Each structure stands twice: as structure tokens, then as C-alpha cells.
Amino acid sequence: MFKRHDLAAGLTVFLVALPLCLGVALASGAPLYSGILSGIIGGIVVSVISGSQLAVSGPAAGLTTLVSAAIISLGNFETFLLAVMIAGIFQVLLGVLRLGVFASYFPSSVIKGMMAAIGIILISKQIPLALGYNQPDFWTSGFVQIFTSDNFLGNLVQFNSHITRGAVLISFISLAILIFLKQPKNKKFNILPASLIVVIVGIAINYALTYLGSSYALKTNQLVKIPDNIFAEIKFPSFSKILSNYEIWKDGILIGILATLETLLCVEAMDKLDKHNRITPVNRELVAQGVGNFFCGLLGAIPITAVVVRGSANIQAGAKTKVSAFVHGVFLLLSVLLVPFLINLIPYASLSAILILTGFGLTKIRIYKSLFKIGWKQFIPFIATIIIILATDLLIGVSIGLLISIYYIIKENFKESYDLEKTHHQGLDHFTLKLHSSVTFLNKVEIKNTLDQVPPYSELTIDGSAVHFIDHDILEIISDFVTKAHDRHIQLELINIEIVETAASSH
């Protein structure tokens with residue numbers, strides 16, 4: 001049922017979403033209008049199908065790294081759109097087959113590592129824009145070059161000559177405003193969304209610099225530029241290439257997986273914030289997101305997810321139903337139809353400041369501290385995922401982080417599958433190897449080494465009374481040990497352990 005709060009909440013979310021749509025498109029290396037198109041589709045299409053009352057969908061900072069890499073590797077934006085459509089179809093299949101729970105099997109340490117790495121990459125991409133650096137080689141022969149020669153001061157002067165003072169000023173003031181408004185004690189100043197305030201201030205500063213004829217004024221290529229009629233400029237997917245490159249399919253599946261993870265994490269967070277305790281049906285949500293991403297690819301937009309920032313703003317604005325998400329999409333559509341000239345006044349420096357703070361939100365220091373305190377089993381997969389993503393790419397980083405997590409699970413399983421107790425009675429050492437409920441081939445090496453360490457002239461009891469499942473490989477090791485125990489004068493007692501024929505006993 002429509003609530004009067006939803007219209008106001010939709011307007012608030014629109015004001016939050018507009019700069020973020022532009023910023024995410026900018027960070028993704030995609031046409032700026034494609035970010036707004038994604039917001040429109042996320043608001044109008046996804047909200048109609050979704051079962052979530054409070055989540056709001058749109059382009060997400062968590063996908064920027066993957067999207068920018070995919071656009072480059074596939075050669076052009078039109079081919080990349082095919083991957084977005086494939087991602088959408090993949091998500092619909094996950095939802096239809098009721099596989100939405102698969103995200104629960106990703107260790108949280110790996111997901112946090114992936115998001116932290118994305119945050120670092122996001123920050124690094126925005127620094128040149130924040131400085132107004134006008135050369136394409138900031139991280140190669142730009143910034144790094146300062147430290148690679150004896151002529152440090154000369155390099156610094158050269159680097160300084162490529163920086164735009166106006167952009168630095170706008171970035172600095174924008175970051176100061178965002179950090180100030182983010183403090184809980186300053187909430188009374190949040191009359192408008194922080195990101196909108198930053199955009200308005202950025203526009204005002206550049207207007208003043210231009211009006212005064214200052215050399216600090218931004219150049220036209222340092223301002224947002226979307227077409228007056230974006231529908232005439234939209235790029236559509238190159239369907240003829242769908243079977244020409246397997247990378248399209250690989251990137252599509254990868255976008256689908258990452259978008260699914262981010263969406264499910266978001267709706268879980270939104271459900272926890274819902275005062276009415278409504279639970280989002282995850283499989284229906286995946287169908288909604290999949291349909292949305294299919295249309296994003298079809299209509300020239302970047303991929304979408306449910307986004308925590310938009311959802312949180314929606315809840316704080318008093319939204320009651322998903323009508324607010326729909327309304328935000330309508331406002332985005334009206335903004336590009338009616339006032340594109342206002343959008344084109346926004347400095348890239350303002351957007352870069354918003355994205356830098358978004359990046360810090362993804363890679364907060366307290367996340368590192370928290371996982372470090374929990375222990376190495378959480379911290380090592382987390383930090384390894386970050387390092388490997390930064391050194392290679394997202395897929396390799398997440399895969400290796402997952403393998404490290406599995407290693408720790410297996411290692412822990414070794415310890416939990418049996419206990420070894422030692423007592424001393426009447427001059428003899430007595431050992432009890434107590435097997436727990438499930439003992440698998442993963443425990444072969446540990447159990448074999450444990451048995452081999454039992455000293456001669458001692459007593460050993462292998463107790464399988466608590467076992468519900470014991471792998472045949474384990475029974476073979478114990479059966480082989482019977483002969484070894486006799487040779488080493490170990491008095492062996494087996495409880496609920498079956499002796500089986502082994503390769504050694506058959507000869």
C-alpha cells in the first residue's frame with residue numbers, strides 16, 4: 001500500500017543516487033549517462049519485481065574494478081554490454097533454481113577482503129581526478145616518477161605543473177564537508193544528503209572561479225558531460241560478437257556472481273534495519289536483479305546491485321514500501337529528460353571526493369583490526385585476498401582467498417576428528433585415540449603420523465564407539481597398524497573398529 005512517506009523518501013534517495021550514479025560510471029570507465037540509466041532501471045524495473053520493501057538498486061562501487069577491467073579486455077563498451085546481459089540471465093537462473101543461498105558459502109573473510117581491495121582500487125583511481133591531473137600516466141611516469149630520479153625537486157615541479165588548483169580546492173573542501181557531515185554529532189547539519197551538498201558546493205566554487213576569471217577555474221573536460229538527449233546517444237550491445245569471445249561469457253558469469261554477493265549482503269543488512277521485521281525472499285530478489293541487469297545490458301547501462309548507501313538513505317528518510325525505490329527511479333529519469341544542463345555543471349573533483357570516501361568505507365581500518373583480533377584463520381585469507389586482487393585480478397584473488405579459507409577448514413577438521421590422551425599406569429604409558437563422529441580421508445596423514453609416534457612397549461586403545469562415519473582409508477591405516485603394533489610390542493585394543501584387508505595384508 002502506498003504511504004505518503006514514500007514520495008519524500010524517493011526524492012531523498014534520488015538526491016543521494018544521482019551523484020553516485022555518475023561517480024560509479026566515472027570510476028568504471030563507462031559513459032556517464034550509463035550510470036544514470038542503471039539507476040533508472042534499478043529504480044523502475046527492479047523495484048516492481050523485487051520482494052524487498054526497503055532495498056534500492058543501482059550501479060555499485062563494488063563492481064567498478066570488474067567493470068572497468070572488462071570494458072578494456074573486451075575492447076569496447078558495446079561488447080561489454082553482452083557480458084552484462086549474460087550476468088542478468090545467470091542471476092535469473094540462480095533465482096529460478098532457488099540457489100540464492102550459495103552466497104552463504106563464501107567465507108566472510110574473503111568477501112571482506114574482496115570489498116577492501118575494491119575500496120583501495122577505487123581510491124587509487126580517483127586520486128588523479130581529485131588532483132585535476134591532466135596526464136594519463138599518474139601511477140606510472142607521473143606520481144611514481146617523482147621518486148625515481150636524483151632530481152627530486154625538478155620532478156616535483158614537473159608533477160605540480162600538471163595539477164589543476166581548482167580541482168584540488170574543490171576536492172579538499174568536498175572531503176572536508178563529507179567527513180564533517182559523517183560525524184554523528186553533526187547530524188543536525190544534514191538538511192540535504194551529504195553527496196548532494198558536495199556537488200552543489202563544487203558547482204558553486206567553480207562558478208565563482210569562472211566568474212572571477214581565475215586561473216583556478218576548471219576546464220570543460222573536468223566537468224560532467226552527458227548528452228542533452230541521452231536516448232539519442234545510447235550504445236547498444238554488439239550481438240554479432242556473442243559467440244566470438246569466451247571472455248564475454250567469463251566476465252558475464254563473474255559480474256553475475258559478484259553482483260549477487262553484493263545484493264544478498266545488502267538485502268540482509270536492510271532486513272536487519274527494517275522496523276517491521278520483513279524478510280526479503282532472496283531467490284525472488286535474484287530474479288529481479290537478473291531482469292534488471294539483462295535490461296541494463298540491452299539498453300546500454302552498467303550492471304546494478306542492491307546498494308547499502310541507497311537503502312540506508314531510504315530507511316533514514318522514512319520509507320515504508322518499495323514505492324520509494326520506484327519514485328527515485330522516476331526522478332532520475334526526469335532529471336536527464338528535463339535538466340541535463342544542470343548535471344553537466346558538476347565537477348569530476350566533487351564526484352572523486354564522494355568516491356574516495358566510499359572507497360575508505362569499503363576498506364576501513366577497523367575491519368583490518370577486527371579480523372586481526374579474531375585470529376590468523378580469518379586474517380590470512382582476508383589479507384591474501386586483498387594482496388592477490390591488487391597484484392592480479394578479482395577472480396584470481398577471490399579464488400585463492402577461498403582456497404586458503406578451505407585449507408584452514410580442513411586443518412581444523414584434522415583436530416576435531418580425533419583426540420589422543422596419554423596416561424601412565426603401572427609403569428606403562430597408555431594412549432587412547434578417540435575418534436569423533438566423522439573421520440574422513442582428509443585425516444589420513446594426521447592419524448597415520450599420530451599412530452607412528454606411539455612408542456614401543458606401551459598400550460594403545462583406538463576407540464571408535466562415537467563414530468557415525470569412518471572412511472575406508474582410515475580403516476586401512478588402522479588395519480595396517482595392527483601388524484606394526486605387534487612388531488613394536490604395543491598392546492593394542494580396538495573398540496568398534498572393523499579390520500579390513502589392505503594391500504600389505506594381502507601379500
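User: Which residues in α2 meet which residues in α12?

Analyst: Before reading any contact, note that this is a predicted model, in which local features need pLDDT of at least 70, side-chain atom pairs count only at pLDDT 80 or more, and totals for chains, interfaces and linings use all residues. Residues are numbered from 1 along each chain as its sequence is written, and side-chain values use heavy atoms, with hydrogens and water left out. Contact means heavy atoms within 4.5 Å, and helices (H or I, at least four residues) and strands (E, at least two) are DSSP runs numbered from the N terminus. Here Ser38, Ile41, Val45, Val46, Val48 and Ile49 in α2 are in contact with Arg284, Glu285, Ala288, Gln289, Val291, Gly292, Phe295 and Cys296 in α12. The residues of this contact divide into nine nonpolar, three polar and two charged, where Ala, Val, Leu, Ile, Met, Phe, Trp, Tyr, Cys and Pro count as nonpolar, Asp, Glu, Lys and Arg as charged, and the others, Gly among them, as polar.

User: At what angle do the axes of α2 and α12 cross, and what is the handedness of the crossing?

Analyst: Axes are lines fitted to C-alpha atoms, for helices over the stretch in contact, and angles run from 0 to 180 degrees between N-to-C directions. The axes of α2 (residues 32-49) and α12 (residues 282-298) cross at roughly 145 degrees and come within 9 Å. The crossing is right-handed, the term for a near helix turned clockwise from the far one by less than a right angle, with anticlockwise giving left-handed.

User: How much of the chain counts as buried, and which helix is largely enclosed?

Analyst: Buried means under 20% relative accessible area, exposed over 50%, and partly exposed in between (1.4 Å probe, protein chains only). Of the 507 residues of the protein chain, 50% count as buried. Helix α3 (residues 64-74) has eight of its 11 residues buried, so it is largely enclosed by the rest of the structure; these are Thr64, Thr65, Leu66, Val67, Ser68, Ala70, Ile71 and Leu74. Just after α3, Gly75 takes a positive phi of about 100 degrees.

User: Is Gln126 buried or exposed, and what does Gln126 touch?

Analyst: Gln126, which is found in helix α5 (residues 108-131), is buried with a relative accessible area of 1%. Residues up to four places away in sequence aside, Gln126 touches Leu26, Ala27, Ser352, Leu355 and Ile356. Thr79 in helix α4 (residues 77-96) also counts as buried, at 3% relative accessibility, and with the same exclusion of residues up to four places away Thr79 touches Leu74, Ser238, Lys241 and Ile248.

User: Which residues touch the most other members of the largest nonpolar core?

Analyst: A nonpolar core is a set of buried Ala, Val, Leu, Ile, Met, Phe, Trp, Tyr and Cys residues joined through side-chain atoms within 4.5 Å. In the largest core, of 82 residues, they are Leu22, Ile36, Phe80, Met114, Val224, Ile226 and Ile343, and helix α1 (residues 4-28) contributes the largest share, 10 residues. Leu22 touches Leu32, Ile36, Val224, Ile226, Ile343, Ile346 and Leu351, not counting residues up to four places away in sequence. A second, separate core of 20 residues includes Leu433, Leu460, Ile474 and Leu475.

User: In what order do the four strands of the open sheet stand?

Analyst: Strands of a sheet pair through backbone hydrogen bonds, either parallel or antiparallel, and two strands are taken to pair if DSSP finds at least two bridges between them. The order here is β3-β4-β6-β8, with mixed pairing. Because β3 (418-425) and β8 (491-495) stand at the edges with a single partner strand each, one side of each is left without a neighbour in the sheet. Eight bridges join β3 to β4 in the antiparallel sense, with Leu420 opposite Leu433 in β4. These two strands form a hairpin with two residues between them, and Gln426 in the turn has a positive phi of about 50 degrees. Strand β6 (residues 459-463) pairs with β8 in the parallel sense over five bridges, and Glu459 has Gln491 in β8 as its bridge partner. Helix α21 (residues 472-487) packs on the sheet, touching β4 (428-435), β6 and β8, and its direction makes about 155 degrees with that of β8.
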